[in-house]
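Me: I'm new to this one. Can you walk me through a few parts of it?

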Amino acid sequence: MRAVQATEFGGPEVLAVREVPDPTPGSGQVVVQVAAADVMFLDTRLRAGWGTEYFEIETPYVPGGAVSGVVVEVGADVDPSWLGKRVATSTAASGIGGGQPIGGYAEKALAKAETLIEVPEGLSLTQAVALTHDGKTALAVFDRAAIKAGERVLITAAGGGLGTLLIQLARAAGAYVVAAARGRAKLELAERLGAHAVVDYSEPDWIAKARAATGGAGVNIVLDGAGGELGAAAAATIADYGRFLGYGAAAGDFAGLDRDALAARDVAVLGLFDLTGADIDWNALSRRIQAAVLAGEIEVVIGQTFDLEDADSAHATIESRKSLGRTLLTL
């Protein structure tokens with residue numbers, strides 16, 4: 001089969017289409033004929049050589065942590081009724097410790113049967129894969145934020161896949177939404193999705209503008225998908241007794257916060273591992289976000305799609321910070 005391999009660690013140019021053996025499902029696994037594969041910011045970092053202390057990756061390997069398509073083979077201990085079903089799923093190689101060489105950038109991919117989510121009629125396979133990571137994470141963040149009607153919410157990385165979902169969820173909850181992103185295209189997208197105010201964090205006075213958008217009162221909640229210095233700066237917009245939920249590192253790392261200063265103002269801080277505990281039913285969240293999309297309550301923003309042969313361009317687009325919503329490979 002055809003697959004994209006990262007032939008070595010480096011820039012997007014190390015991604016190349018190669019012929020590799022078809023995957024064989026082990027116990028509890030299935031093979032998915034891939035229709036679409038998610039391309040994540042994390043994929044670009046791993047390709048560049050970051051994170052080898054967490055992810056057991058050696059080159060060459062096939063990137064990609066989520067796919068949608070049709071189940072074409074099942075391994076031992078898997079219900080054969082999955083055969084022929086349209087599914088969206090994490091790949092078997094996805095996650096910390098996933099050291100398998102076959103990810104999602106391929107004509108066929110391995111997945112664990114326990115992570116399969118059947119794609120209902122009315123939902124496209126591209127929509128389904130775009131929701132595989134972002135949909136359930138958005139709901140986990142949203143549920144933990146416990147947003148109340150009338151609260152003021154600042155969302156960073158608002159033009160990305162997760163941010164676009166959170167804008168809509170917060171707006172539906174009755175919040176006053178301030179969206180922060182980089183560039184006019186992302187800000188216009190945020191406004192279209194329901195943000196009441198937008199700020200461009202490539203401008204030096206963006207924090208002042210974010211506070212001004214709340215009449216100077218500050219926000220009750222920061223939902224931080226940017227991390228790094230941007231996330232740390234966003235914390236300055238929080239009013240006393242507020243909440244900071246940090247789940248992203250699009251700026252390069254998670255936000256470094258002065259937790260003592262925030263605690264002195266009774267600001268609660270929740271990090272990624274606080275938001276993604278072992279007690280969460282991730283499959284239930286996946287089905288819930290699918291239902292919201294089918295009901296017309298949530299729009300899935302797929303900003304750009306690429307052919308398998310153009311995976312390098314997909315990575316370059318993400319690294320240029322020009323991508324909107326989700327980026328996909330389609331086969």
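What follows is a short chat about a cavity, a serine and a pair of strands.

Me: What kind of model is this?
Reply: This is a predicted model.

Me: How many cavities of 30 Å³ or more does a search of the whole structure find?
Reply: The search finds one. About 40 Å³ of space lies in the largest cavity.

Me: Which residues line the largest cavity?
Reply: Its lining is made up of Ala-130, Leu-131, Asp-134, Gly-161, Thr-164, Leu-165, Val-300, Val-301 and Arg-326. Helix H2 (125–145) and helix H3 (161–172) are the elements that give two or more residues to that lining.

Me: And how do the residues of that lining divide into nonpolar, polar and charged?
Reply: Five are nonpolar, two are polar and two are charged.

Me: New topic. Where is Ser-286?
Reply: Ser-286 is in helix H9, which covers residues 282–294.

Me: Is Ser-286 buried or exposed?
Reply: Ser-286 is buried, because its relative accessible area is 8%, and buried means under 20%.

Me: What does Ser-286 touch, not counting residues up to four places away in sequence?
Reply: Ser-286 touches Ile-117 and Lys-136.

Me: Now strand E1. How many of its residues are buried?
Reply: Four of the five residues in strand E1 (residues 2–6) are buried, so the strand is mostly covered.

Me: In which sense do E1 and strand E2 pair?
Reply: E1 and strand E2 (residues 15–19) pair in the antiparallel sense, over five bridges.

Me: Which residue in E2 does Gln-5 stand opposite?
Reply: Gln-5 stands opposite Ala-16 in E2.

Methods:
Residues are numbered from 1 along each chain as its sequence is written. This is a predicted model: local features need pLDDT of at least 70, side-chain atom pairs count only at pLDDT 80 or more; totals for chains, interfaces and linings use all residues. Side-chain values use heavy atoms; hydrogens and water are left out. On a 1 Å grid over the protein atoms alone, a cavity is a set of points where a 1.4 Å probe fits but cannot get out, and a pocket is an open set with protein on both sides within 12 Å along at least five of seven lines; lining residues have an atom within 4 Å of a point. Grid points are joined across faces, edges and corners, and a volume is the space filled by probe spheres set on the points. Ala, Val, Leu, Ile, Met, Phe, Trp, Tyr, Cys and Pro count as nonpolar, Asp, Glu, Lys and Arg as charged, and the others, Gly among them, as polar. Buried means under 20% relative accessible area, exposed over 50%, partly exposed in between (1.4 Å probe, protein chains only). Contact means heavy atoms within 4.5 Å. Two strands pair if DSSP finds at least two bridges between them.
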